[in-house]
Amino acid sequence: MDLSLFIINTIICAMFWLVGRFCCAWLGRLSEASAGQTLRDVEQHASQSPQEKIFPWLMRISPRPKRTALFHYLFRFLTTLPLLGMVFGITLPFVPAWEVYARYFLNTMFVLYGVVFLLGLLLFDPLHYRWTGKYR
Amino acid sequence: MPVGPFLIFIFALSILSYVSNHILYRYLYMTAGVTFEDVRTYLWSTAEGNRYGHRSRQRRLWPWLEVRSGHSNEFYTMSRYCNLCNLPAVLYTLAGVAMIVVRLSDYIWVLGGAMIALWAILTLLGVMYGKRIQGETADYFDSSRYKPYQPETDHSSGPYDQPPPPGPFAAGDPEEVERRRFRRGYARNILVVIVVLVFLAFPILSRKLALPTVSTPPKASTAVSSQRPTSAGTSEAQTMYDRLEQEGFRPLNALGQLSDTYPGISLSDGILVDEEGMHLEYLVLTEESQAQSLAQGLKNQLADLVAAQNPQTTAEFEDGYTLYAQETEGGYGVVVQDGATILYAYCPQYDTTWMKWFLHDLGYLSSF
């Protein structure tokens, strides 16, 4: 039983699970912006009604609920993907043939989070201004 | 790699950047309505409890100046000059590394000269603009409007609630200031994306366009550049050529050069290796009698060449070949005459063992 790829996979996935959210945090904030709320508005609401969950509230008040949901679930998916990778990695010592999929997965993650980060630099500011009417 | 001029220019441009910062920052302080002493007081008064003050000096100073200037256009223009004067040093560093990578390092001093000229032009423009600022703010600093900075000791009221005293220039429109800051931030984001894409695209493009990089081997030395390393004509020479290539050498088909070295000897082929102290000639002659006399001559030459105390000589006269080897503390030399071919080689001491093994492997040196 070869554990090396399992260990490598776990380390890289854990790294992306911790760091990857900095690359896609802008998706979560765009979800709020598509509901017309800046970060300050969301924090204000959260402190005024701490019992209410953020996402249902956003969906309720959002003029574009589809985009709010899209960005929210995209953010949730990208922050969960490395955890899925770690779960998949448990199979690697038992099914050596899946090594090739694991390698594809790891390589794809490196590219994916890099591209998402660069896209955030380009897309966040204009979209945020368009939907909230405020600079940040 | 010629790092020397590169480092000298980096050092020079760093000093020049320091000089221009020193000159232009006084004018920047003027646009914010403060003096050098005020800035020093501010930095000292806020340095209390800040263990990393030296690192965040600019980070704390610039927003303070921005607020004190009331976001005036003059402040932004002057700070742009301050930043632009550092640009030649940064550009030189990046472009210099790029030039070394693509083997254009012979022209690095041209780049350095151009960057110093650019620095001079930018600093001159900055100083001219600064003189104008100085003229316009002279009455502000003389009037009662200017009050020397007093460090705030009582922070309970909140330092951010008090509006700053008006500066020498008309305050900018807050909405316009916000928009400008937004645009500048977005432009910086775009720049980051472009730089990243360029760094990703450069290796791909250089491979596509076959640009030279450091990973390509340098060209052969000029002395033997006329002979290209191609395979030789005769079969013995071809075998030896392949063998030497296998051993990691870059043998040269040097028939012309070796014919010049041995005038009067008619060679049909010749291979030359001259690398890192190792010298190896493989000669294929047309007549065996000439080979015998040439081998004798080379043997005498070897004795002169490695002239040292107590040479250990080895001589072998087998049926096919004649070997004469001479080992000293300085190195190892050998002449082998095998029929009409001659192998003549000498090498430094650290290659001796390899050379003996090589001869043994060729079937010449019976024991070593």
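The following questions and answers concern a predicted model.

Residues are numbered from 1 along each chain as its sequence is written, chains are lettered from A and ligands numbered from 1 in the order in which they are written. In this predicted model local features need pLDDT of at least 70 and side-chain atom pairs count only at pLDDT 80 or more, while totals for chains, interfaces and linings use all residues.

Q: How many helices and strands does chain B have?
A: Helices (H or I, at least four residues) and strands (E, at least two) are DSSP runs, numbered from the N terminus. On this basis chain B has 11 helices and seven strands.

Q: How are α1(B) and α5(B) oriented to each other?
A: Axes are lines fitted to C-alpha atoms, for helices over the stretch in contact, and angles run from 0 to 180 degrees between N-to-C directions. Helix α1 (residues 3-31) and helix α5 (residues 87-101) of chain B pack with axes 9 Å apart, at an angle of about 170°. Angles under 35 degrees count as roughly parallel, over 145 as roughly antiparallel, 65 to 115 as roughly perpendicular and the rest as oblique. The two helices, α1(B) and α5(B), are therefore roughly antiparallel.

Q: Which residues of α5(B) meet α1(B)?
A: Two residues are in contact if their C-beta atoms, placed from the backbone, lie within 7 Å. From α1(B) come B:Phe6, B:Phe9, B:Ile10, B:Leu13, B:Ser14 and B:Ser17. Their partners in α5(B) are B:Pro88, B:Ala89, B:Tyr92, B:Thr93, B:Gly96 and B:Ile100.

Q: Is B:His71 buried or exposed?
A: B:His71 lies in the loop between α3 (57-68) and α4 (73-84) of chain B, and its phi is near 55°, a positive value in a residue other than glycine. A residue is buried if 20 or more other C-beta atoms lie within 10 Å of its own, exposed if 12 or fewer, and partly exposed in between, with C-beta atoms placed from the backbone. Because B:His71 has 20 C-beta neighbours inside 10 Å, this residue counts as buried.

Q: What does B:Arg103 count as, by its C-beta neighbours?
A: B:Arg103 is placed in the loop between α5 and α6 (108-142) of chain B. Its phi is near 60°, a positive value in a residue other than glycine. With 14 C-beta neighbours inside 10 Å, B:Arg103 counts as partly exposed.
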